[in-house]
Amino acid sequence: MIKRLGMTRDLWWMTLAQGLWGLGFGLYGLLFPLYIEKLGGGPVIVGLMSTVSGIITAFVVFPGGWLSDRVDRRTVLIWGSIVAVPVPFLFAMAPHWEWLIVGVVLYFGSAFSVPTTQAVVVSEASPNKLSTAYNVVMSVFGAGMVIGPTIGGYLTSHYSYQLVFILAGILYALSTLAMAQIQPHPPVPIQKTHQVEWRPKTRPRYFQWVIFSAGLATVQGIAWPFVVPYWKTVGHLSIETIGVLGSIAILAATVTGPIWGRVGEKLGIPRALGAGLGLLVVGWMALLWAPESIGWGLFSGLMRGVGEGSRGLQGVAVGRVARPGEIGTAYGFYNLVTELAGALAPLPGGLLFRNWAYAPLVIATFFTAIIAWWLWNGLPGRPTPAPPITP
């Protein structure tokens, strides 16, 4: 089974660390917009927090990726975890929403290690199983989040947000210990390349995926922070019900992530991603159709989850066209552009939500449908099959 997935010992330790971290974040992540409102923030503040988190992430991922090509990647991964361990405890002590900003900055500042995670997966996985191994490691974060929202919703309703944050902090610490078990990954020595090699004209496939992913991040960023407030204000669902529906979506994304990896290997990344986004559109439409219905909510969660499971294929495409000694830098720039694009979307999304709660979801549904159709018919200027391992 391990050989079929293309996994190594270090990748399994990283998978465990991702799962524990996902469980910790899952306890409060889905309900965090409601916590912001509880501390005095409204929809615009929710959008502002998402924008701040995205901007912070954008600022740190590129230097983090650059660093991961020049120092031991194990060190970068461990420090990326350590920085964020105190965050849930800071959230628990916050008396007003402004106090959350410090924790948000620290948590998303720790994203400097994300390109390192991606680079280790690409360098460790079997080349012909890259799509599967990448989606296993990156999507298992969702496995930890499957039961997290349900548990978090229950504990919040019957006890307090503070208990939820304390448990999350403990899980973050355990995840850090798991990450510390991987072996050193020193940088790969390479010949110096000229700056021109990073220009779109000389790296068309790489920049094509970067620009496309940034556009998709913008479209999704308009809507996703407001799904929970939409369910609460339009659907009038309880926090516990919202937690269960969130768990269903995350479970679907987690289970189907590795499957989408295999589909991408067989069908080609553009068409596989297009099919996944098509299912995501179905999920958005169901959410718009009956926000007060638990049955339609379950259907929406399943469709959105299965569709979201395919989005890891964007990262696979970037890994395929990156050279061995520059994988961290390639992912750093990719994450910089996509996070910056996504960071700008939630703020206008909050303004739209405040005036018409349906607006962010309508916009996301429409443009995601266009992108899905475009991908299914192949990205312009390139063939449908997956690109080769090297450019």
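**Salt bridges, burial and a nonpolar patch**

Guide: In this predicted model, glutamate 308 and arginine 311 form a salt bridge, with their closest N and O atoms 3.5 Å apart.

Visitor: What makes the contact of glutamate 308 with arginine 311 a salt bridge?

Guide: The cut-off is a side-chain nitrogen within 4 Å of a carboxyl oxygen. The closest N and O atoms here are 3.5 Å apart, so the pair qualifies.

Visitor: Why is arginine 311 called buried?

Guide: Buried means under 20% relative accessible area. Arginine 311 has 19%, so it counts as buried. Glutamate 308, at 31%, is partly exposed.

Visitor: How many salt bridges does a search of the whole structure find?

Guide: Three. One of them joins aspartate 69 to arginine 73, at 2.8 Å from N to O. Aspartate 69 is buried at 7%, and arginine 73 is buried at 5%. Another pairs arginine 9 with aspartate 10, at 3.2 Å. Arginine 9 is partly exposed at 44%, whereas aspartate 10 is buried at 6%.

Visitor: Why does tyrosine 159 count as exposed?

Guide: Exposed means over 50%. Tyrosine 159 has 56% relative accessibility, so it counts as exposed. Tyrosine 159 lies in the loop between helix 10 and helix 11. It belongs to a nonpolar surface patch of about 820 Å². Helix 11 gives the most to that patch, with six residues.

Visitor: How do you know that the span of helix 18 agrees with what it should be?

Guide: Helix 18 has 18 residues; at 1.5 Å a residue they should span 26 Å. The end C-alpha atoms are 26 Å apart, so the two values agree.

Conventions
Residues numbered from 1 in each chain as written. Predicted model: local features only at pLDDT ≥ 70, side-chain atom pairs only at ≥ 80, totals over all residues. Heavy atoms only, no water. Patch = residues over 30% accessible without salt bridge, like charges linked within 9 Å, V, L, I, M, F, W, Y side chains within 5 Å. Areas by Shrake-Rupley, 256 points an atom, 1.4 Å probe, with all protein chains shown as cover. Helix = DSSP H or I, 4+ residues; strand = E, 2+ residues; numbered from the N terminus. Buried < 20%, exposed > 50% of the residue type's maximum accessible area, 1.4 Å probe, protein only. Expected span 1.5 Å × (residues − 1).
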